[in-house]
Amino acid sequence: MCDRAAEEEPMDYCLRRARIEDARSLAEAHAEAWRETYAGVMRAEALAGVDLADWERRWRERIVSGDDAQAVFVALEEGVPVGFARCSRQTNPKLAPLGFEADIASIYLLRRAQRRGLGRRLMARLATHLLDAGCASAAVWVLRDSPGARGFYEALGAAPVGVEGVWEVDGVTLPDIAYGWRDLRALAGAQDAGAAANSPIG
(Lines give C-alpha, C1' and ligand atoms only; values in the text may rest on other atoms or scores of the structure.)
Protein backbone atom coordinates (compact mmCIF):
# COMPACT_ATOMS: atom_id res chain seq x y z
CA MET A 1 0.00 0.00 0.00
CA CYS A 2 1.22 3.48 -0.80
CA ASP A 3 1.87 5.89 2.03
CA ARG A 4 2.52 9.63 2.54
CA ALA A 5 -0.78 10.98 1.18
CA ALA A 6 -0.83 8.45 -1.64
CA GLU A 7 -4.31 9.52 -2.60
CA GLU A 8 -2.71 12.56 -4.19
CA GLU A 9 -0.77 10.39 -6.64
CA PRO A 10 -2.18 9.46 -10.06
CA MET A 11 -3.91 6.08 -10.00
CA ASP A 12 -1.41 4.34 -12.26
CA TYR A 13 1.53 4.62 -9.86
CA CYS A 14 2.41 5.18 -6.23
CA LEU A 15 5.45 6.23 -4.22
CA ARG A 16 6.38 4.69 -0.91
CA ARG A 17 9.32 3.84 1.33
CA ALA A 18 11.13 0.73 0.12
CA ARG A 19 10.79 -2.47 2.13
CA ILE A 20 13.19 -5.34 2.53
CA GLU A 21 11.08 -7.48 0.21
CA ASP A 22 11.64 -4.88 -2.55
CA ALA A 23 15.38 -5.58 -2.72
CA ARG A 24 15.26 -7.99 -5.65
CA SER A 25 12.89 -5.92 -7.77
CA LEU A 26 14.93 -2.80 -6.98
CA ALA A 27 18.08 -4.56 -8.20
CA GLU A 28 16.27 -5.51 -11.41
CA ALA A 29 14.96 -1.97 -11.97
CA HIS A 30 18.42 -0.57 -11.19
CA ALA A 31 20.02 -2.83 -13.80
CA GLU A 32 17.40 -1.90 -16.39
CA ALA A 33 17.88 1.80 -15.67
CA TRP A 34 21.64 1.44 -16.13
CA ARG A 35 21.13 -0.32 -19.47
CA GLU A 36 18.91 2.52 -20.65
CA THR A 37 21.03 5.34 -19.23
CA TYR A 38 24.55 4.16 -19.98
CA ALA A 39 24.15 2.39 -23.32
CA GLY A 40 27.00 3.60 -25.49
CA VAL A 41 28.93 4.79 -22.43
CA MET A 42 29.62 1.47 -20.71
CA ARG A 43 30.40 -1.80 -22.45
CA ALA A 44 27.31 -3.74 -23.47
CA GLU A 45 28.82 -6.86 -21.86
CA ALA A 46 29.11 -5.08 -18.52
CA LEU A 47 25.54 -3.80 -18.65
CA ALA A 48 24.23 -7.23 -19.59
CA GLY A 49 26.31 -8.98 -16.95
CA VAL A 50 25.16 -7.14 -13.83
CA ASP A 51 25.35 -9.40 -10.76
CA LEU A 52 21.76 -9.14 -9.59
CA ALA A 53 22.41 -11.19 -6.47
CA ASP A 54 25.11 -8.74 -5.38
CA TRP A 55 22.94 -5.73 -6.18
CA GLU A 56 20.05 -7.28 -4.25
CA ARG A 57 22.35 -7.69 -1.25
CA ARG A 58 23.38 -4.02 -1.48
CA TRP A 59 19.76 -2.87 -1.62
CA ARG A 60 18.93 -4.97 1.42
CA GLU A 61 21.76 -3.29 3.32
CA ARG A 62 20.60 0.17 2.29
CA ILE A 63 16.98 -0.47 3.18
CA VAL A 64 17.83 -1.67 6.71
CA SER A 65 20.66 0.83 7.29
CA GLY A 66 21.03 2.17 10.81
CA ASP A 67 21.71 5.66 9.43
CA ASP A 68 18.54 7.58 10.28
CA ALA A 69 19.16 9.89 7.31
CA GLN A 70 19.36 7.02 4.83
CA ALA A 71 16.15 6.16 3.02
CA VAL A 72 15.08 4.49 -0.20
CA PHE A 73 11.84 5.46 -1.91
CA VAL A 74 10.40 3.47 -4.78
CA ALA A 75 7.99 4.43 -7.56
CA LEU A 76 5.67 1.58 -8.48
CA GLU A 77 3.50 1.05 -11.53
CA GLU A 78 1.00 -1.75 -11.02
CA GLY A 79 3.18 -2.97 -8.17
CA VAL A 80 6.39 -3.07 -10.22
CA PRO A 81 9.27 -0.62 -9.58
CA VAL A 82 9.79 1.88 -12.38
CA GLY A 83 12.04 4.23 -10.41
CA PHE A 84 13.74 4.79 -7.09
CA ALA A 85 15.75 7.33 -5.15
CA ARG A 86 18.09 7.11 -2.17
CA CYS A 87 19.58 9.57 0.31
CA SER A 88 21.95 9.41 3.28
CA ARG A 89 24.14 11.60 5.44
CA GLN A 90 26.96 13.39 3.66
CA THR A 91 30.35 11.69 3.89
CA ASN A 92 32.13 13.11 0.85
CA PRO A 93 35.32 14.90 1.98
CA LYS A 94 34.82 17.60 -0.66
CA LEU A 95 31.20 18.39 0.18
CA ALA A 96 30.91 17.92 3.94
CA PRO A 97 33.30 20.84 4.69
CA LEU A 98 31.07 23.07 2.52
CA GLY A 99 28.20 22.52 4.92
CA PHE A 100 26.17 20.01 2.94
CA GLU A 101 24.70 17.70 5.54
CA ALA A 102 23.14 15.06 3.29
CA ASP A 103 23.74 13.22 0.04
CA ILE A 104 21.22 12.52 -2.70
CA ALA A 105 22.89 9.24 -3.54
CA SER A 106 20.89 8.18 -6.58
CA ILE A 107 17.71 8.63 -8.54
CA TYR A 108 16.70 6.64 -11.62
CA LEU A 109 13.50 6.36 -13.61
CA LEU A 110 12.89 3.93 -16.42
CA ARG A 111 12.18 5.69 -19.69
CA ARG A 112 8.54 4.64 -19.73
CA ALA A 113 8.05 6.38 -16.39
CA GLN A 114 9.74 9.69 -17.25
CA ARG A 115 8.01 13.04 -17.82
CA ARG A 116 5.20 12.15 -15.44
CA GLY A 117 6.33 14.02 -12.34
CA LEU A 118 7.75 10.94 -10.65
CA GLY A 119 11.29 12.30 -10.43
CA ARG A 120 10.09 15.52 -8.85
CA ARG A 121 7.99 13.63 -6.30
CA LEU A 122 10.78 11.22 -5.45
CA MET A 123 13.13 14.14 -4.79
CA ALA A 124 10.53 15.81 -2.60
CA ARG A 125 10.14 12.62 -0.56
CA LEU A 126 13.91 12.47 -0.02
CA ALA A 127 14.01 16.11 1.05
CA THR A 128 11.16 15.65 3.52
CA HIS A 129 12.84 12.59 5.00
CA LEU A 130 16.18 14.39 5.37
CA LEU A 131 14.54 17.37 7.05
CA ASP A 132 12.86 15.00 9.51
CA ALA A 133 16.30 13.48 10.18
CA GLY A 134 17.72 16.92 10.98
CA CYS A 135 19.50 17.63 7.69
CA ALA A 136 18.88 21.10 6.29
CA SER A 137 21.00 20.87 3.13
CA ALA A 138 22.06 18.28 0.57
CA ALA A 139 24.23 17.78 -2.49
CA VAL A 140 24.11 15.48 -5.48
CA TRP A 141 26.65 14.37 -8.08
CA VAL A 142 25.61 14.58 -11.73
CA LEU A 143 27.51 13.75 -14.90
CA ARG A 144 29.03 16.97 -16.21
CA ASP A 145 28.12 16.18 -19.80
CA SER A 146 24.48 15.25 -19.11
CA PRO A 147 22.46 18.42 -19.81
CA GLY A 148 19.16 16.64 -19.21
CA ALA A 149 20.11 15.52 -15.71
CA ARG A 150 21.65 18.88 -14.87
CA GLY A 151 18.51 20.63 -16.07
CA PHE A 152 16.39 18.38 -13.87
CA TYR A 153 18.26 19.42 -10.72
CA GLU A 154 18.39 23.07 -11.75
CA ALA A 155 14.61 23.08 -12.23
CA LEU A 156 14.35 21.83 -8.65
CA GLY A 157 16.43 24.70 -7.32
CA ALA A 158 19.89 23.14 -7.14
CA ALA A 159 22.99 25.03 -8.21
CA PRO A 160 26.60 24.00 -8.89
CA VAL A 161 28.69 24.25 -5.74
CA GLY A 162 32.08 24.62 -7.44
CA VAL A 163 33.25 21.05 -6.87
CA GLU A 164 34.02 18.59 -9.67
CA GLY A 165 35.13 14.98 -9.68
CA VAL A 166 35.07 11.81 -11.74
CA TRP A 167 33.02 8.64 -11.68
CA GLU A 168 35.05 5.60 -12.61
CA VAL A 169 32.93 2.65 -13.72
CA ASP A 170 33.73 -0.33 -15.94
CA GLY A 171 37.08 1.15 -16.90
CA VAL A 172 35.47 4.42 -18.05
CA THR A 173 36.18 7.75 -16.37
CA LEU A 174 33.24 10.16 -16.51
CA PRO A 175 33.57 13.77 -15.26
CA ASP A 176 30.91 14.77 -12.78
CA ILE A 177 29.92 17.92 -10.96
CA ALA A 178 28.26 18.55 -7.60
CA TYR A 179 24.99 20.43 -7.26
CA GLY A 180 23.49 21.47 -3.98
CA TRP A 181 20.51 22.77 -2.04
CA ARG A 182 21.33 25.01 0.90
CA ASP A 183 17.73 24.82 2.14
CA LEU A 184 15.88 21.55 1.58
CA ARG A 185 12.53 23.07 2.49
CA ALA A 186 12.09 24.35 -1.05
CA LEU A 187 12.84 20.92 -2.50
CA ALA A 188 10.45 19.28 -0.06
CA GLY A 189 7.66 21.38 -1.55
CA ALA A 190 8.58 20.56 -5.14
CA GLN A 191 6.00 17.77 -5.47
CA ASP A 192 3.29 20.41 -5.29
CA ALA A 193 5.01 22.99 -7.47
CA GLY A 194 5.42 21.13 -10.76
CA ALA A 195 8.80 22.80 -11.23
CA ALA A 196 10.38 19.98 -13.20
CA ALA A 197 7.36 18.75 -15.09
CA ASN A 198 9.03 19.21 -18.47
CA SER A 199 12.42 17.76 -17.59
CA PRO A 200 13.53 14.48 -19.16
CA ILE A 201 13.67 12.85 -15.73
CA GLY A 202 10.82 14.40 -13.81
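Does Pro160 count as buried, exposed or partly exposed, and at what relative accessibility? I began my entries with this residue, keeping in mind that the model is predicted. I found that Pro160 counts as partly exposed, because its relative accessibility is 45%, and the cut-offs put that class between 20% and 50%.

**Entry on Pro160.** I placed Pro160 in strand E6 and then looked for what lies around it. Leaving aside residues up to four places away in sequence, I noted that Pro160 touches Ile177, Ala178 and Tyr179. I also checked Gly180, which is 20 residues from Pro160 along the chain, and found their C-alpha atoms separated by 6.4 Å.

**Entry on the whole chain.** I counted 7 helices and 7 strands in the protein chain, and reading along the sequence I wrote their order down as β-α-α-α-β-β-β-α-β-α-β-β-α-α. Of the 202 residues, 49% are buried. I then took the contacts between residues at least 6 apart in sequence, and 70% of these join residues at least 24 apart.

**Entry on strand E2.** I asked myself why strand E2, residues 71-77, can be called largely enclosed by the rest of the structure. The reason I recorded is that 6 of its 7 residues are buried. On the pairing of E2, I found that strand E1 (residues 14-17) runs antiparallel to it and is joined to it by 4 bridges, with Arg17 having Phe73 as its bridge partner in E2. With strand E3 (residues 80-89), E2 pairs over 7 bridges, again in the antiparallel sense, and here I noted Ala75 opposite Gly83.

**Entry on positive phi values.** I noted as background that most residues other than glycine have a negative phi. E2 and E3 form a hairpin with 2 residues between them, and in that turn Glu78 has a positive phi of about 55 degrees. Glu78 is exposed, since its relative accessible area is 77%. I found another such case in Arg115, which has a positive phi of about 60 degrees although it is not a glycine. Arg115 sits in the loop between E4 and H4, and with a relative accessible area of 54% it is exposed.

**Entry on helix H5.** Which residues of H5 are buried? I listed Ala149, Phe152 and Tyr153; these cover an arc of only 90 degrees around the axis, and therefore lie on the same side of H5. For the cover over the buried residues of H5, I recorded E4, helix H4 (118-132), E5 and E7 among the contributors.

**Entry on the largest pocket.** I looked up the volume of the largest pocket, which is about 1300 Å³, and its lining, which has 41 residues. Tyr38, Ala105, Tyr108, Trp141 and Trp167 are the lining residues that lie nearest its centre. The elements giving two or more residues to this lining include helix H1 (23-37), helix H3 (52-63), strand E4 (102-109), strand E5 (138-143) and helix H5 (147-155), as well as strand E6 (159-169) and strand E7 (172-181). E4 contributes the largest share, 7 residues. By residue class, I recorded the lining as 21 nonpolar, 10 polar and 10 charged.

Terms used
Residues are numbered from 1 along each chain as its sequence is written. This is a predicted model: local features need pLDDT of at least 70, side-chain atom pairs count only at pLDDT 80 or more; totals for chains, interfaces and linings use all residues. Side-chain values use heavy atoms; hydrogens and water are left out. Buried means under 20% relative accessible area, exposed over 50%, partly exposed in between (1.4 Å probe, protein chains only). Two strands pair if DSSP finds at least two bridges between them. On a 1 Å grid over the protein atoms alone, a cavity is a set of points where a 1.4 Å probe fits but cannot get out, and a pocket is an open set with protein on both sides within 12 Å along at least five of seven lines; lining residues have an atom within 4 Å of a point. Grid points are joined across faces, edges and corners, and a volume is the space filled by probe spheres set on the points. Ala, Val, Leu, Ile, Met, Phe, Trp, Tyr, Cys and Pro count as nonpolar, Asp, Glu, Lys and Arg as charged, and the others, Gly among them, as polar. The arc is that of the directions from the helix axis to the C-beta atoms. Contact means heavy atoms within 4.5 Å.
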